[in-house]
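Thank you all for making the time this morning.

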Amino acid sequence: TLAFAFRASGAARYSRSDYAASAKDYARALELFDAEGDALEAGKTLNSGLQPLAYTGEYETALEWSRRARLIFTGLGDSLRLARLSTNMGNILYRQDRHAEAMELYEEALAAFRAAGDASDVAAALSNIAVCRTSLGEFSAALTAYEEARQHCIEHGFPLLVATADYNIAWLHYLRGDYLRAIELYPGTRDHCETTGDA
C-alpha cells in the first residue's frame, strides 16, 4: 500500500511540475515494489518515473530504468506496456536531440498501438512522430503525420487534440516559409481553441 501511495504521490507531483520530488517518490515506490518482488508494479513504476527523471536531467538513471522496465515487460509478454515504454524512451532521446533514435521508437510504438492500444495512444504516437519529423527537417512527412493525427482525433472525439494538430500544421507551414498559408490557418485554429475552451 505504501508503494502505491508513493507512486501516486510521484504522479501528483509530476502533474504540478515538481519533477525532483516526483522522481524521489517514484524511486521510493520502486524500492518497495522490488522488496516485495512485484515485477509488474516495479515495471510500471520504472516507466512512469522516466519523465520526471528526464526533466531533472537524470538521463543515465532514466536509461537504466528504461532497460529494466523493458526486461520486465518483455518477460511478462506485455506488448502494450512495451509500446508505452518505447514512447517514453523516445521522449527522452528527443530531449537529447537524438531524433533519429527517437523516431525509431515512436514508429515501433505506433505499430503496437495500432494492434493493441487505444485511440489516445495512437493519437499521441502520431503527434510524437510529426514533431520528430519536423525536428529532422522532414516537413512533408511531418505534415502527413499531423494530418493523419488530426483525422484520427476527429474520428475518435478528441477536440482539444484536433485544435493542437491545427496549430502544429500552421506552425509547420511557418517553418517551411509558407507564411501566407500559416496566416490563413491560424485564425481557424484560434476559433477552434476558443470553441473547445483551450485558453
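Let me begin with a definition, since several of my remarks rest on it: a residue is called buried when its relative accessible area is under 20%, exposed when that area is over 50%, and partly exposed in between. Please also keep in mind throughout that what you see is a predicted model.

With that in hand, let us turn to the cysteines. Cys-132 has a relative accessibility of 0%, and therefore counts as buried. How far is the sulfur of Cys-132 from the closest cysteine sulfur? The closest one belongs to Cys-153 and lies 18 Å away, which is too far for a bond. Cys-153 is buried as well, because its relative accessible area is 3%, and for its own sulfur the closest cysteine sulfur is that of Cys-193, at 13 Å, again too far for a bond. The cut-off here is a sulfur-to-sulfur distance within 2.5 Å, and by that rule the count of disulfides comes to zero.

Which helices each supply at least two residues of its lining? They are helix H8, spanning 119-135, helix H9, spanning 139-155, and helix H10, spanning 159-175. Sorted by class, the lining holds seven nonpolar and four polar residues, and no charged residues.

Staying with helix H8, I would like to point out Arg-133, which is placed in that helix. Is this arginine, Arg-133, buried or exposed? Its relative accessibility is 18%, so Arg-133 counts as buried. The side chain of Arg-133 is joined to that of Glu-138 by a polar contact of 2.5 Å. Setting aside residues up to four places away in sequence, Arg-133 touches Glu-138, together with Met-103, Glu-107, Ala-141 and Ala-142.

Moving on to helix H11, which covers residues 179-196, we find Thr-189. Thr-189 is buried, because its relative accessible area is 4%, and once its neighbours within four places in sequence are left aside, it is in contact with Ala-163, Asp-166 and Tyr-167. Leu-180 is placed in helix H11 too, but at 59% relative accessibility Leu-180 counts as exposed. Between the C-alpha atoms of Leu-180 and Ala-170, which are 10 residues apart in sequence, the distance in space is 9.9 Å.

Ser-17, in the loop between helix H1 (2-15) and helix H2 (19-36), has a phi near 65°, a positive value in a residue other than glycine. Asp-97, in the loop between helix H6 (79-95) and helix H7 (99-116), likewise has a positive phi, of about 60°, although it is not a glycine. As for accessibility, Ser-17 counts as partly exposed at 45%, whereas Asp-97, at 60%, counts as exposed.

Technical notes. Residues are numbered from 1 along each chain as its sequence is written. This is a predicted model: local features need pLDDT of at least 70, side-chain atom pairs count only at pLDDT 80 or more; totals for chains, interfaces and linings use all residues. Side-chain values use heavy atoms; hydrogens and water are left out. Helices (H or I, at least four residues) and strands (E, at least two) are DSSP runs, numbered from the N terminus. Ala, Val, Leu, Ile, Met, Phe, Trp, Tyr, Cys and Pro count as nonpolar, Asp, Glu, Lys and Arg as charged, and the others, Gly among them, as polar. Buried means under 20% relative accessible area, exposed over 50%, partly exposed in between (1.4 Å probe, protein chains only). A polar contact is a pair of N or O atoms within 3.5 Å; within protein, one must be able to donate a hydrogen and the other to accept it, and residues adjacent in sequence count only if both atoms are side-chain atoms. Contact means heavy atoms within 4.5 Å.
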